[in-house]
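Here is a short briefing on two interfaces, written for someone who likes cut-offs spelled out. Have a look at the model first, then read on.

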Amino acid sequence: MAKTKEALWQELSDSVLEMEEDRAVAAAEEVVAQGYDAFEAIERGLSAGMERAGQLFEEEEYFIPELLICSDAMYAGMDVLKPHLRQDDIAEKHKVVIGVIEGDTHDIGKNLVKTMLETSGFEVTDLGRDIAPARFVETAKEIGAQLIALSTLMTTTMEGMGAVVRQLREEGIRDNFKVMVGGGPISQGFADRIGADGYAVNAAEAIRLARSLVGASESVAA
Amino acid sequence: MSRRDAMTPLERFAAYAAGSPVDRLPCVPIVGNTAARVIGVKVGAFRGNGKLIADAQVAAYRRFGYDVIRVFTDLYTQAEAMGAKVAYPGDETAYLEAPALNDPMEIDRLVPADPFKDGNLPHHLEAMQRAVDAVGSEVPVNGAVTCPFTNASFLVGADRLARLMLRDPAAVHRLCEVSLATNLAYAAAIMAVGATPSLTDAMSSNSVISPRQFREFSLPYLKRLIDFIHGKGKGVTLHICGKTAGIWQDMVDVGADCLSIDNDASLADAKAAVGDRVRLMGNVHPSEVMLQGTPEKVREATLACLAAAGDTPKGFIVASGCSLPTETPFANIDAMLDTVRDFRPSVPLIQAT
């Protein structure tokens, strides 16, 4: 007997939370086979599961290894569902440019934030690691991003974050973008000093911050 | 600049451990590549130059008068000696460009490093030897050892290691085993030149892995390393970055003689939990306070550490929470030392000369 879409959402969510990649793929394939909406299945199934995983991370039930395997299951399900998204599903997302600042090749934290942003309905352009400040600005302009997310784990590369904000100011486009920063040596005090719009202490916090920042920019625009 | 102290660091540590009067409490701003600034050279010049590292570290010790010299440039020296690719920017701290393996299936091809031949290890040993020769009669000289689990993360990549922990635990154990073999050889060489291994284990943090995973994948190897060092009659300082409250008991059980507490953890909690079993050091914020703060802010943070843990039953060393950023202002390092010099601890003091 065919499962209801609600049952499949639950199945997708559980398989992400329980780190079962094959089960996520099977559930996603059934969503497609039943002709259920792919966007809804991602939102209510895979993303919901990743959000529950993020919750367990905050409660220190899950740690980085678990979150990575959860995200593997989520992406495996996503790969099945993505070709079945309608064009208007894709268009309505907030866009964000993310990357690790020049001189730093640690990207485990950045990858987590990227994953969580994607599951929270953001369209993420990931520049990778060791990225020059100017490239963040160029890319943000090019794709019409609302948000620039900068990460570093090294004190030696922190100043590059300030360079991004400075360049936005110099080009007179500071107000077009929100800038959020994170990573080991970063603090709220540092974010304030370089004129960033926000700082997040971990991946779960980064998602809340991203949502509130784009929410804020929307209300300004309206 | 810095005021003369009445005791040398070695005299101070000995008196402090014995409960005899000291001139001040021990203080260790953890100076790594900042030493390059003391002698006006580029950080990149340390690569392959043990004499220069020693010159810089000894000059920095003389300039600031802190209590431990720690030969350290970056976390990757042992991984590099096992095949990882390390990038050396001209004047910044080196970073891991690529792990030793691209495919975890190749683990069995890894061989332990020879500390007298491979990578930059011989140069770091030379630096320790020279520092010991120059000032070893007055100050402890430590050599930084990146512990088995963290070093393993540089052999396959941190995210790959994290996935292997859940998908192929046996592979993680094989990696830690070969990592440990390098650690043991390097620790032996460090002690052979008259220095003391100082253990640092960033990835074992509860900011990354769970206490349960720490006990399964990191602790057994850490224990063998510490047992080996103890067997040679040396004490062990163990630094794990980030959050560590969930594993303090384990860190003590495994034999650490001093826990270096990161700024993400609470010194007061550490004192309450394990201060009757182990000496503590920490935890002034390396970037927010030491790099970006003013001397006054450093003074406040230093006093806050002393208030939280200055009366730790097994002793306390004011320190930075982790290695200092290269560009830490000298005035801030002086401020940490001077605050400790002015502080009146609960232990007996000798009359300063």
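How much area is buried between domain 1 of chain A and domain 2 of chain A, and what percentage do carbon and sulfur atoms give? The answer is about 1,200 Å², with 66% from carbon and sulfur atoms; buried area here is the accessible area (1.4 Å probe) that two parts lose on being put together, summed over both.

This is a predicted model, in which local features need pLDDT of at least 70 and side-chain atom pairs count only at pLDDT 80 or more, while totals for chains, interfaces and linings use all residues. Residues are numbered from 1 along each chain as its sequence is written, chains are lettered from A and ligands numbered from 1 in the order in which they are written, and side-chain values use heavy atoms, leaving out hydrogens and water.

**Between the domains of chain A**

- Chain A splits into domain 1 (5-88) and domain 2 (93-221), with bounds from an automatic or database domain assignment.
- Their C-alpha centres are 25 Å apart, and the contact (heavy atoms within 4.5 Å) involves 13 residues of domain 1 and twelve of domain 2.
- Two salt bridges are counted between these domains, a salt bridge being a side-chain nitrogen of Lys or Arg within 4 Å of a carboxyl oxygen of Asp or Glu.
- Glu58(A) and Arg208(A) join their side chains in a salt bridge at 3.0 Å, N to O.
- On the side of domain 1 that touches domain 2, helix H3 (38-58) and helix H4 (64-81) of chain A each supply at least two residues, and H3(A) gives the largest share, seven residues. Helices are DSSP runs (H or I, at least four residues), as are strands (E, at least two), numbered from the N terminus.

**Between chain B and chain A**

- Here 29 residues of chain B are in contact with 26 residues of chain A.
- The buried area is about 2,100 Å², and carbon and sulfur atoms give 56% of that.
- On the chain B side, Tyr95(B), Arg163(B) and Gln292(B) lose the most area to chain A, together 24% of what that side buries.
- Four salt bridges are found across this interface; Arg167(B) and Glu21(A) meet side chain to side chain in a salt bridge of 3.0 Å, N to O.
- Strand E4 (95-98), helix H7 (158-167), helix H9 (211-231) and helix H12 (286-291) of chain B are the elements giving two or more residues to the side that touches chain A, and the largest share, seven residues, belongs to H7(B).
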